2 protein chains.
Amino acid sequence: MIKQMTPEELKNLILHGNKEIIKEVLENIHPADILDILHEDEDSSKEILEHLPNEVIGDILDEEDDEELILEWLNLFSKYKQKQILDEVSHDVITDIIGSLEDEDEKNAFLELLEDDDKEDVKQLLKYNPETAGGIMTTEYLDIHAKNTVKETLLFLQTTDEEPRHYLYVVDKDNILKGVVSLGDIVTSSFDTPMMDITNQNVKAVYYYQDQEEVAKVFSKYGYILMPVIDEQHHLLGVIDIDDVMDVIEEETTEDMNLLGGVGSEERLDSTLTESFKNRIPWLIVNLFTAIMASSVVSVFEGTIAKVVALATISPIITGMGGNAGTQTLTIVVRGLSLGELDKENARKVLLKEIGLGILNGVIIGALVSLGAWFFAGNPWFGVVAGLAMICNMVIATLAGYFVPVILDRLHVDPALASGVFVTTFTDMFGFFAFLGLATILMTHLI
Amino acid sequence: MIKQMTPEELKNLILHGNKEIIKEVLENIHPADILDILHEDEDSSKEILEHLPNEVIGDILDEEDDEELILEWLNLFSKYKQKQILDEVSHDVITDIIGSLEDEDEKNAFLELLEDDDKEDVKQLLKYNPETAGGIMTTEYLDIHAKNTVKETLLFLQTTDEEPRHYLYVVDKDNILKGVVSLGDIVTSSFDTPMMDITNQNVKAVYYYQDQEEVAKVFSKYGYILMPVIDEQHHLLGVIDIDDVMDVIEEETTEDMNLLGGVGSEERLDSTLTESFKNRIPWLIVNLFTAIMASSVVSVFEGTIAKVVALATISPIITGMGGNAGTQTLTIVVRGLSLGELDKENARKVLLKEIGLGILNGVIIGALVSLGAWFFAGNPWFGVVAGLAMICNMVIATLAGYFVPVILDRLHVDPALASGVFVTTFTDMFGFFAFLGLATILMTHLI
């Protein structure tokens, strides 16, 4: 273990160091560390990049997630140098860059920067839906026929350019996936072991058209770090790396959290004002519409409120607490659905538990609200009305928190879309209705 | 690629198949697939487990996350067989099982089931805080001195029991971490390459005391699949696998989502009624307290509402929309903090954007609310009061949505704790105050 360089030291070395020393040091530096320097000091990014060898720039572009930034950096260089850099960038990243270009001519111009065989691979990758296995796979992997021994395989690997990543895939002459061998098995088997003996024929693969979220679940379930992607006839098309799967999980989680928070799924911390505005205003308008629906329930009972103004003070407690209880259920159910933990087998059990919680929490919070209302208004009948309305609204809240996401899921809509909107509209409307309705019926006791 | 067995076929084979065939098939079956059968059919789990060889049972226990279930399964067997099974289970899983036992005597009795060298390793692992690098690492890894050639290393690996997982760690005679070699480099380097030539000395390691969340961030940043854990003197203590890191990320995300949804961080979909109740009722009581605070603002203005009852209809819109806008900001900021994207450099920019959004959305929603109130009450002054209150509350909402989590983070409290409670209490109280306060001032125009 050598002493870690600080970002400042690394930047100084790149900008002012001797070319040979830079090259030697960079061999042991992770591109993510250089990326940090580029992000921190955008003004000198041109100067820093100009001091780096092409392979290192390629590795850096492989790490960067923001395609706009990659294009900006590439455009610092001549077409000739761009070609040399792109030769070092992995195919899935190049595909994402081209996918981010909107103009067809720009896409074609970019493709022209690639070597012929890379161009073919990338053109193929561009055909897949970016949110499927095909869209996140790369075509850089090593396949073998597994017809010889461990020693012969090692001698073959010593001559290849492609660096094997943890596993070798075994294919037949028609490129049909037949098995997988781990490098761990190769290095621990005696030289004369036939490759077939250490090949696992029960290789798990995903189809190119499978949704990336499904793919992520397979990786999590089996603890894989690399998985082959096949077509309907089991031809090996590419591989998916755990690193890309982690990006998918992060992205899908952020989308879920955004939707639950009533924000469009695309917004990120670094979105511009305009992007954020576009992600939020539609939701606020939907919310406004539902808030009007809830307050229209209040307006029906304006006569009741006019007689007993204290009702206006108590009603936000009834609706607010219902909203909280509904959000609790919603949170647990949405997370359970996205982790694939809520299925037909436990659905009934979960629903019964939620109803139980609605009653239990409803009785406790209802009793507290009841006592508070009695004390506040100095009349036990206020306690009766508030307590009953509270219990009913808590039970309704858990039902809404359960059924809204489950029904959306059945309709193949992202259950996180249930968010604040549907559930709290339900609890607001029902809360006002139950409380003000009961108050109207029992009015003689309240005045 | 061979045809995948259905769970039903696999179960039948295990229960009724010939011992030799079972063994051969199981070699190529992933333990997660057998785990599925055990989960689905809990009644026959005893019978299924009894038909499996000890190594397979060990692999299954390695995959299972629920320590209670592991203990249940182990207790199906005699002490003698338990010892044989545990010999196949990895040290970090055994540590988790012992950690889940509450009784000191039970812990010691369990330790007695282990072989002497395993016992020492596990005792050591038990000393680490379960939420730190030491708590999630395992002591099963391969270290080498890297003093010889690739061929000599291969011959050494062929004789070891331990299977290398993607990387070998290079240590000196005092077990101080010096570097790392990937199996990919070993299999592609000529037999006479000195190991030192393919050793990366700039090996990244984490300290045993680092928080698991920090460790997860390092894995994400560098795209690692395995990382060494060291002590203050750089002694190699163990390794952390990406699989365990993915569990950490899933756990931390669920905690964040729970807290944002106003549920205790421990609740899961499969929590019992009692567990769920304990995770929810404290939050509901806190919410009740804040709801009372908000409604106490209303009670101050009861005189105003008595004069103009329509105010009671409009006020939930002002407070509700503020809550929605605050939750939007909160969601983006909390996620940004947990992904480590919000730092000193962009804090100012993010805050200014949020204020801008507050004004922009405030003006739009304020204008709509203003028109609606005018139309509903038939008096333009209602529009003035509602519109102004709405704009103010939207700006306050974004400020609360930004500052509450940021301040909690500075105080080293989980920012997701901000949740519904603080932010919506703020917007409720301020919303009522601004709307009813303005109405009181402009009362002469409203009657």
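Strand 5 (residues 226-230) of chain A is largely enclosed by the rest of the structure, because five of its five residues are buried. Buried here means under 20% relative accessible area, exposed means over 50%, and partly exposed lies in between (1.4 Å probe, protein chains only). This is a predicted model, in which local features need pLDDT of at least 70 and side-chain atom pairs count only at pLDDT 80 or more, while totals for chains, interfaces and linings use all residues. Residues are numbered from 1 along each chain as its sequence is written, chains are lettered from A and ligands numbered from 1 in the order in which they are written, and side-chain values use heavy atoms, with hydrogens and water left out.

Both faces of strand 5 of chain A are covered: L226(A), P228(A) and I230(A) lie buried on one side, M227(A) and V229(A) on the other. Helices (H or I, at least four residues) and strands (E, at least two) are DSSP runs, numbered from the N terminus. Two strands pair if DSSP finds at least two bridges between them. Strand 4 (residues 206-207) of chain A runs parallel to strand 5 of chain A and is joined to it by two bridges; here Y207(A) stands opposite I230(A). With strand 6 (residues 236-241) of chain A, strand 5 of chain A pairs in the antiparallel sense over five bridges, and V229(A) has G238(A) as its bridge partner.

The hairpin of strands 5 and 6 of chain A has five residues between the strands. In that loop lies H234(A), with a positive phi near 70 degrees. Most residues other than glycine have a negative phi. H234(A) is partly exposed, at 24% relative accessibility. H412(A) also has a positive phi, near 60 degrees; this residue sits in the loop between helix 20 (380-410) and helix 21 (419-441) of chain A and is exposed, with a relative accessible area of 76%.

Strand 6 of chain A also holds D241(A), which is linked to R165(A) in the loop between helix 12 (150-157) and strand 2 (167-171) of chain A, 76 residues apart. The link is a salt bridge, with the closest N and O atoms 2.8 Å apart. The term stands for a side-chain nitrogen of Lys or Arg within 4 Å of a carboxyl oxygen of Asp or Glu. By this rule the count comes to 20 salt bridges over all chains. D241(A) is buried at 15% relative accessibility, whereas R165(A) is partly exposed at 28%.

Other salt bridges cross between the chains. R280(A) and E354(B) have their closest N and O atoms 2.7 Å apart. R280(A) belongs to helix 16 (residues 273-300) of chain A and E354(B) to helix 19 (residues 344-377) of chain B. R280(A) is buried at 1% relative accessibility, and E354(B) is buried with a relative accessible area of 1%. In another pair, D33(B) and K221(A) have their closest N and O atoms 3.6 Å apart. This pair joins two chains, because D33(B) lies in helix 3 (residues 31-40) of chain B and K221(A) in helix 14 (residues 212-222) of chain A. D33(B) counts as buried at 16% relative accessibility, and K221(A) as partly exposed at 31%. A network of salt bridges links D33(A), D36(A), K204(B) and K221(B).

Chain B has an open sheet of three strands in the order 1-2-3, with mixed pairing. Strand 1 (143-144) and strand 3 (177-182) of chain B stand at the edges with a single partner strand each, so one side of each is left without a neighbour in the sheet.
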